[in-house]
Amino acid sequence: METTNGALNRKLRMALVGGGQGSFIGRVHATAAILDNRAELVAGALSSDPERSKASAPAYDIKPDRAYGSVDELIEKELALSETERIDFVSIATPNHTHFPLAKAVLEAGFNVICDKPMTFDLAQSEELVKIVESSGAVFALTHNYTGYPLIRQIRQMIQDGELGEIQAVRARYLQGWLRTRLENEGQKQASWRSDPAKSGAAGGFGDIGTHAYNLIRYSTGLIPDSISCNLKIFEEGRALDDYGHAVIRFANGALGTVTASQISHGRENDLSLEIDGTKGAISWRQEEPNKMTFRRNGEPHAIYTRDPNAPFTNEMGQAASRLPAGHPEAFFEAFANVYRFAYDAMVKRATGEAFETRNTIYPNVYDGVDGMNFIQQSVESSKQNAAWLPLNHDCARS
Ligand code: NAD
C-alpha cells in the first residue's frame, strides 16, 4: 500500500473544520483520512465556539499552536507557515449553512477541500462554488461516501461495461426512524440544526439523506436526469422541514427512477438501498449489508456477489476500492476513505505540478454537488406545486 504519495514523497497535511466535542461526522473524516497512511491531521478549527474548538484538539492529537479558534485564524496562521509545514487540504464537516463560506475562504487561500454534503445551503451558492473551484485550480471532493463502497463501484463498472444492458428503472430508498419524535426540541445537536431551515437549507430529510440516494443513482447508473415530480411531507407536527418524501425522476434515455427518504420509519437505521433494472439483468444492494450484491437474470439462479478483491468476477473498480480479503467486513469507514484515497491522487498531482482530472473523477466532485443541490431545489419546488413536473437537467449533471 502506498505510504509516501509517490513523487510527493511525504504525507499530505490535513486540517479539520467541525468535529468538535459532541459532534458526529468530523471524527469519521479524521479516521477515514488516515486509513491509507497518506495523510496526517495537523491542524483544526473544530467548533463554532473558539474555546470548545481548542478544547477539542487534544482528542485529535492536534498541537495547541495549530488548534485554531476559527477558520479565518486557521487560514491566516497556516499561510504564515513555511511550505514544508503548511496544510495541503481542509476537510469541512460542519452544518450545511456554513459549507459555502468556509469552502470559499479555504479555496481562495489556495488549499484543497474535502467537503461534506449537501454541498451548500442552496443552488445559487453551489453554482458560485463551481466558479471558485475552477479558478482556484484546487482539488474539491464531496463526501457522498456511499459511492466508495466496493460493490457500488463494481455495479458502476458493470453498467459501464454493458452487463445490465440498457438501464430502464432504478429505485433508491434511504429510510431512518430517528426523527419519529421531535428530537430537535430536546436539544439533540444533530436533530436541531437539521430541522432548522436557516441551517439545513430548503429541505429536511430530502436534503440530508434523499440527496445521498439520488447521488447513488446518478453515480452508479450514469443516467442523465431530465425532470422530477416530488411529494414532501412533514409528519411530525410542528417540525419545520420535511421528514418524509418521495420523488419520481424521468431520465433522458426514457428510464424512470424513484427516490424515497424517510426519517420517521420505526426501526430503520441507515437503510439505504439501491435497485436497478436493465434489459439484460437487475441488481440490488443495501448499505446495511454492503459486502453483498444480488445480480438477477430471468431463467438463471440469482447470483450473490460478495466483496472479494481476488475473485475473477470482481472488476477493476471493485478491486481498487477494496482493502481486505473477502469475508473480513469492510464498511462505512473504508467507503468514506475511498473518497479520500482517490482525491489524494489528484492532490498529489497538483502538488507535483501534474495535470489532474476535475470533471469525470471517481470521487464525487463540485459538479456532483451542484447536481445534488439542483435535486433538492427542484424537489422542494415540485412539492410546493402539487408534485408538478419540473426540469432536472442542470448543465453540471454528468454522465
Ligand atoms: P454536528 O452538529 O454533529 O457537528 C458539527 C460540528 O461543526 C460541531 O462541532 C460544530 O461546533 C462545528 N461547527 C459549526 N460551525 C463551525 C464553524 N464555522 N467553524 C468550525 N466548526 C464549526 O453535525 P454532523 O452530524 O457531524 O454533520 C456535519 C455535516 O456533515 C453536515 O453537512 C451533514 O449533512 C454532513 N454529514 C454527512 C454524513 C455522511 O454520511 N457523509 C453523515 C453525517 C453528517
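Q: Let's start with Tyr244: how exposed is Tyr244?
A: Tyr244 is partly exposed, with a relative accessible area of 25%. Here buried means under 20% relative accessible area, exposed over 50%, and partly exposed in between (1.4 Å probe, protein chains only).

Q: Is this a predicted model or what kind of thing is it?
A: It is a predicted model, where local features need pLDDT of at least 70, side-chain atom pairs count only at pLDDT 80 or more, and totals for chains, interfaces and linings use all residues. Residues are numbered from 1 along each chain as its sequence is written, and side-chain values use heavy atoms, with hydrogens and water left out.

Q: OK, how many aromatic pairs are there?
A: Searching the whole structure gives 13 aromatic pairs. Rings of Phe, Tyr and Trp (its six-membered ring) pair if their centres lie within 6.5 Å; planes under 30 degrees apart are stacked, over 60 edge-to-face, and the rest tilted.

Q: What sort of pair do Tyr146 and Tyr174 form?
A: An edge-to-face one, 5.9 Å centre to centre with 75 degrees between the planes.

Q: And are Tyr146 and Tyr174 buried or exposed?
A: Both Tyr146 and Tyr174 are buried.

Q: Which ring does Tyr244 pair with?
A: Tyr244 pairs edge-to-face with Phe235, at 5.8 Å centre to centre and 65 degrees between the planes. Phe235 is partly exposed too, at 42% relative accessible area.

Q: New topic: what sits over the ring of Trp389?
A: The charged end of Arg250, 3.7 Å from the ring centre. That label needs NZ of Lys or CZ of Arg within 6 Å of the ring centre and within 35 degrees of the ring normal.
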